[in-house]
Amino acid sequence: MVVIPPGELSRLIRGLSPESFCASPAHSRNDSHLQENTLRYDRPAAGWLEALPLGNGLTGAMIFGGIARERIQVNDASAWSGSPASEHMAPQIEPESAAELLASAREMVAAGEFGQATQKVQALQHRHSQSYLPFGDVYLNLIRQELTDRISNYSRHLDLAAGVHTTEFEASGSRVQVRSFISHDPDVMVVRVETSLPEGLDLCVSLETRLQILGRNSVEGMRGLRLKMPTDVFVQDGLSQITYDEDDALSLKGALVVKWEHDGIELQGGHTSPDVRLQASGVHAATLYIGTKTTFTKLGENPQGTAEDCIQHLDERLTTAVEQGSAALEKAHLASHGALYQKSQMCIDGSDEAQLQATDARLASANAHTGGPLAADPGLAALMFNYGRYLLMSSSRPGGVPANLQGIWNDQLPAPWNSNYTTNINLQMNYWAAETANLAECAQPLFDFIQAAQITGGRTASRLYGARGWVMHHNSDIWAYSLPVGHGRFRPTWSFWPVGGLWLANHLWDHVRFGATEDFGRKQAWPALRGAARFALDLTVENADGSVGTCPSTSPENAFEHQGRPVDLGVSSTLDLSLVREVFTHLVALARLLRMEDDPVVREAVTALPKLPMPSVGRGGRIREWLADDPEWEPEHRHLSHLYFLYPGDLPSDEVLRTAASASLDARGDESTGWSLVWKLALRARLGQAGKVSDLLRLFFRDMKTDRGGQSAGLYANLFSAHPPFQIDGNLGFVAALSECFIQSHGEEIVLLPALPKELRTGSVKGLRARTGIEVSLTWRDGSLTAAELISDRNQQVIVRLKGRPEPVDLRAGRPRSLSLW
């Protein structure tokens, strides 16, 4: 191993071809041909899955790039149905009855009376979590009808590095440009329209919504809608039930407002709707300032204020934005957005010609290649990596709420699966990449949610389980709903799962391992982990052999086979045991860091740990999904819960368990939903199986223009990942899974390029994060590592595995340490 002086690595990199390290300081962010930072299209979006996303963690927008009429579909991250009162819309079971039902369910499971056990558990079910809502639409009429036949040189593109969407075309040979971005501070969307048409444009701005309109505000240069959100949204048997209530305490209120300035002649409305539109003629330059606001205050807490309050707030916010001007706002936006985006980036040696294609055509062309999409166009992997990071930072920022099933974007009421927080994989997968891809600040909304869940989940733990600590079941929302859903009739395989809080709490420990401050560990991680451990201690039961487990237990969302029928409830699913073990282990480790080993809960956890069964090998040489090793009802099920210990978990695994995990993945098969493919990618990377990573990448990059039916994943035209339908966990999880191919640090070593797929044989990545607080940049050529640079947050020695050899490396805080393998 050769140690290179700090800074020398950059000189070596500059001696390579530009494509081999697109993130090098030698290359400007504006060298778009060197970096995969752009989604581009040569026609307007025909539907929502062709539109392109903007967001700042608070406000989201889908831009369609229309010619005659532009549609901007707007979301507010805090716009959900219901309120904390939704928890009380149906009576809850009394604690004494809940205890009797749980005890009876355990007896029924032990006796093999699974149908009766199901009935007991169903009696614990409450209603449902609430739904994320579409907020409104801003329509901008641009081109007169007689000009629509004289359009040429059309393009629209999303610059990921800048967070800016641009639509451009020529009308009768004159240029028209619409440029949009969403500033984070202030929270304002800016749309800038410019044209060289001699007569200018006749612009018309209108607002629409699918929510209840309480009223309209119309003053010079401003239009607004006062809105009311539903009290309840529920889908039953394919029919949606959307309920509004006169009691203002039961739901949110809000407002959507647009202000503008322009150089044309202001017109006073239209002949049919004089007060709802902004209209002007002869416009050569105009700027729209768009804002959203709801009466949401804080995760899990009651709304405050009125729709009129929201209007007043937005009037002040947008007035300030107008005074600052679009140029100043864009400059501040580029700095804020760029500070996050540039922290990490990936580049793969690919084709400049491919980058210049329309993205949808590029995806179709790559899929036509017999060797697979990435064999034809490996740059697509870099584009998806950079896009995934962009989507996370656009849908989750400090001060906002966590990214939901669709991030921050949704145009449906109700949304698929209510676009809620699904805690048996999907919410967690949204944040797998936050640490490794150097976007740790984007995880703060998740940590805020966990803090709120400790309050609501504490009530539920006490009431339903007679337990200490806090619990989170399968579905939740911004009210931190923690009860088991199901209306007393849903299958327990997904509705009864009381260990979601354990999984969530482990994210806080991971944040500590990646270098969070002791203050974070003490104030945020400690109470959450301690509370989760207290609940786990009270949830678990002692078996006849002295071991500890869970009963009744489920393995989301699978069942096992018994006498030719599916059974949901059993004893000690491997996921339950893995989560309990991790929470106990992490609590003990955190207690050592904080010098709190004498805490009574820590002592209880230390006593319980040796009694917990480890993951084990069962039938067919595969990992058991349940302790009893009952056969899975769906052997190819999309969930991989029994393999949690391998990824995202960090439990030690020997070669026997790794071999069994590989056999389990083989049995599950490759075909699946978008997020499931991502999980399989990460698991195969943990196993060092680059060939299987390649197989899964081929499926992930399929074009969804081809209807394959069922749960067959791929990418839509705007590169949103398909469950199907669209779920953002596939996009966000992809970043984490690919990062596992480049760097792994969950064990005692930092392993470089452990599972590099053959399609990505030459490339680079900068700014990945390793435990504990180390930034890593890598360059490789023809599948071999050529250079690596490590920068640590603190003085420490780490073990780095290079080409199969462990090497001790001394790091000094803030000083680059460069390693070369020429």
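Which residues form one aromatic cluster? Trp432, Trp497, Trp503, Tyr644, Tyr647 and Trp679 do. The points below take up that topic and others.

1. Basis. This is a predicted model: local features need pLDDT of at least 70, side-chain atom pairs count only at pLDDT 80 or more, and totals for chains, interfaces and linings use all residues. Residues are numbered from 1 along each chain as its sequence is written, and side-chain values use heavy atoms, with hydrogens and water left out.

2. Overall fold. The protein has 21 helices and 34 strands. Both are DSSP runs, numbered from the N terminus: helices are H or I with at least four residues, strands are E with at least two. The radius of gyration is 27 Å, close to the 28 Å from the globule rule for 822 residues, so the protein is as compact as a globular protein of that length. That radius is taken over C-alpha atoms, and the rule is 2.2 Å times the number of residues to the power 0.38. The C-alpha trace spans about 85 × 70 × 50 Å along its principal axes.

3. Of the 822 residues, 62% count as buried. Buried means under 20% relative accessible area, exposed over 50%, and partly exposed in between, with a 1.4 Å probe and protein chains only. Take the contacts with a separation of 6 or more: residues 24 or more positions apart account for 69% of them. Contact means heavy atoms within 4.5 Å.

4. Aromatic pairs. The count comes to 24 aromatic pairs. Rings of Phe, Tyr and Trp (its six-membered ring) pair if their centres lie within 6.5 Å; planes under 30 degrees apart are stacked, over 60 edge-to-face, the rest tilted. Trp48 and Phe720 form a tilted pair, 5.9 Å centre to centre with 55° between the planes. The partners are 672 residues apart: Trp48 is in the loop between β2 (38-41) and β3 (52-55), Phe720 in the loop between α20 (690-700) and α21 (729-742). Trp48 is buried at 11% relative accessible area, and Phe720 is buried at 0%. Phe720 also pairs with Trp409, again tilted, at 6.3 Å and 40°. Trp409 is in the loop between α9 (379-395) and β21 (421-422), 311 residues from Phe720. Trp409 is buried at 0%.

5. Charges over rings. The charged end of Arg69 sits over the ring of Tyr139, 3.9 Å from its centre. Arg389 lies over the face of Tyr341, 5.8 Å from the ring centre. The test is NZ of Lys or CZ of Arg within 6 Å of the ring centre and within 35 degrees of the ring normal.

6. Cores. The largest nonpolar core has 236 residues, and Phe584 and Phe742 have the most contacts inside it. Such a core is a set of buried Ala, Val, Leu, Ile, Met, Phe, Trp, Tyr and Cys residues joined through side-chain atoms within 4.5 Å. Helix α16 (residues 574-594) gives the most to this core, twelve residues. A second, separate core of 15 residues includes Val188, Val190, Met222 and Cys310.

7. Gly730. Gly730 is in helix α21 and is buried at 0%. Not counting residues up to four places away in sequence, Gly730 touches Gly674, Trp675, Val678, Phe700 and Ser721. Its C-alpha atom is 7.9 Å from that of Leu677, 53 residues apart along the chain.

8. Cysteines. The structure holds zero disulfides, where a disulfide is a pair of cysteine sulfur atoms within 2.5 Å. Cys204 is buried at 8%, Cys442 at 0%.
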